[in-house]
Amino acid sequence: MAKNIKKFRKDLEQIITTSKNIYIVGHNEPDFDAIGSAIGIAKICQILKKEPYIVIKEDNARLQPKVKAVKDANNVRVNFINVEQFLDDLASLVPDEDYPKFITTDDATRKEMLQRVRMKNSTLIITDTNNLDLISIRDYISAFQNIVVIDHHEKIEGQNYRPTISFIDNEYSSASEIVATMLHVYQEKYCESVALALAAGILLDTDGFKKKDSDNTHKVYSVIKKNGVTSEKINALLAKDFETEKLVSNLVFYKDNCRTFRNLLKGSNVSIIVNRDNPEQELKPEIIAMMADKRQDFADTDITIAFGYTNQDDKKVIKASIRTNGYIDGSKIARAYCGTDTKKKGGGAIQSAAMIIKSDDILGEEQAFIDFLRDKDSEDFKPKKKIKK
């Protein structure tokens, strides 16, 4: 493990030092790990005398409040841009002879013209996902000379791109742990806001060191703490918001919002959560994920799936978040249920997966998922032996 990351770091260093333009992007709807690892990569770039840009799709109003706080704390040290600003950068490279057409044509043609743009000596670093469908600038990755992927989730097969280099290893707790492991080689002190960002990413994905931590996780975290992270500061950052907790609890436990099916899938108990009291209510994606997390905390459930309407690209869609106890691979269920359409492909770690479902009937989708699980005979979904974390 150590040998592989050492070679990757040297290859990454070579790419960074020879790149003129560097962009970093995490998955859409960034959590602490996506934003923390992106900030950590930006710090590595700065140590190597490069100034990268972190691309974030969501505006401040749509970011999780605590994620926004991490971003805001690093605004003076890191260049954050939105997708529109990234597209402006591409537009500046449209050849002069084509530019009059570019500014007068329709949106579809303009997009096609931008997709033909190539940035010389450019690098895109993707962090906390290896699924192109989960990044905001997926339609423009051909602009980059180099593509780098850093992720701790399972590798998604069949992706329509070839990274120049990649480090995808689910033995690590988080992308933030991977990035911090590389960052600490330089033995350069960094500021408190960067340290808090990396610490939050690790603590989120280990659930406060309750799962998937290793000796390396604790070693990395001890170095992070030396850069200004205190228990008080991290507790303040991770403190739960009362109104959010109340909403999530109501969505999970109010009346019949959560139904548990005994022995639904090869002897497993499956809990299904839908806001039956107000099924048309739109929710932020993180609320749907928190619903699944809250129910899965209880010992009587092997699998939890939370359904909810959310807004994606200004369209109302159904998002489903799956959590399992580690005996069943949630991402396999997500991919099998959604089929092979890349726009519906499940992502996430073994015990955590997500689906976007192109449907306008949330209660019908719930029943369809129950029927799907009842029909499953695959060995993949038998809870025989706990999957190694």
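Helices (H or I, at least four residues) and strands (E, at least two) are DSSP runs, numbered from the N terminus. The model is predicted: local features need pLDDT of at least 70, side-chain atom pairs count only at pLDDT 80 or more, and totals for chains, interfaces and linings use all residues. Residues are numbered from 1 along each chain as its sequence is written, and side-chain values use heavy atoms, with hydrogens and water left out.

Cavities were examined first. A cavity is a set of points, on a 1 Å grid over the protein atoms alone, where a 1.4 Å probe fits but cannot get out. Lining residues have an atom within 4 Å of a point. Grid points are joined across faces, edges and corners, and a volume is the space filled by probe spheres set on the points. Two cavities of 30 Å³ or more are present in the structure.

The largest cavity has a volume of about 90 Å³. Its lining has 14 residues, of which G26, H27, P30, V55 and I56 are the closest to the centre. Helix 2 (32-47) and strand 2 (53-55) are the elements that give two or more residues to this lining. Helix 2 gives the most, with three residues. For the class counts, Ala, Val, Leu, Ile, Met, Phe, Trp, Tyr, Cys and Pro are nonpolar, Asp, Glu, Lys and Arg are charged, and the others, Gly among them, are polar. On this basis the lining of the largest cavity holds eight nonpolar, four polar and two charged residues.

The second largest cavity has a volume of about 40 Å³. V274, N275, N278, P279, Q281, L283, F307, G308, Y309 and I362 line this cavity. Strand 9 (residues 303-312) supplies the largest share of the lining, three residues. Six of the lining residues are nonpolar and four are polar, with no charged residues.

Most residues other than glycine have a negative phi. Phi of K49 is a positive value, near 70°. K49 sits in the loop between helix 2 and strand 2. Burial is given by relative accessible area (buried under 20%, exposed over 50%, partly exposed in between; 1.4 Å probe, protein chains only). K49 counts as exposed because its relative accessibility is 74%. Phi of K212 is also positive, near 55°. The loop that holds K212 runs between helix 8 (192-206) and helix 9 (215-225).

K212 is also one of the contacts of H152. H152 lies in the loop between strand 5 (146-151) and strand 6 (165-168). With a relative accessibility of 3%, H152 counts as buried. Its side chain makes two listed polar contacts, taken up in turn below. A polar contact is a pair of N or O atoms within 3.5 Å; within protein, one must be able to donate a hydrogen and the other to accept it, and residues adjacent in sequence count only if both atoms are side-chain atoms. The H152 side chain makes a polar contact with the side chain of D128 at 3.2 Å. The H152 side chain also makes a polar contact with the side chain of D205, at 3.0 Å. Contact in general means heavy atoms within 4.5 Å. Beyond neighbours within four places in sequence, the contacts of H152 include D33, D169, N170, Y172, S173, S174, A175 and I178.

A175 and I178 are among the buried residues of helix 7. Helix 7 (residues 175-183) is mostly covered, with nine of its nine residues buried. V220, in helix 9, is buried too, at a relative accessible area of 4%. Setting aside neighbours within four places in sequence, V220 is in contact with E177, A180, T181, H184 and I202. V220 and S176 are 44 residues apart in sequence, and their C-alpha atoms are 9.7 Å apart in space.

Helix 13 (residues 330-338) has buried residues G330, S331, I333, A334, Y337 and C338. They lie on the same side of helix 13, because they cover an arc of only 160° around the axis (the arc of the directions from the helix axis to the C-beta atoms). An α-helix has 3.6 residues a turn, so residues three or four places apart point the same way. The buried residues of helix 13 pack against strand 7 (258-265), strand 9, strand 10 (315-324), strand 11 (352-357) and helix 14 (362-374).

Methods
On a 1 Å grid over the protein atoms alone, a cavity is a set of points where a 1.4 Å probe fits but cannot get out, and a pocket is an open set with protein on both sides within 12 Å along at least five of seven lines; lining residues have an atom within 4 Å of a point.
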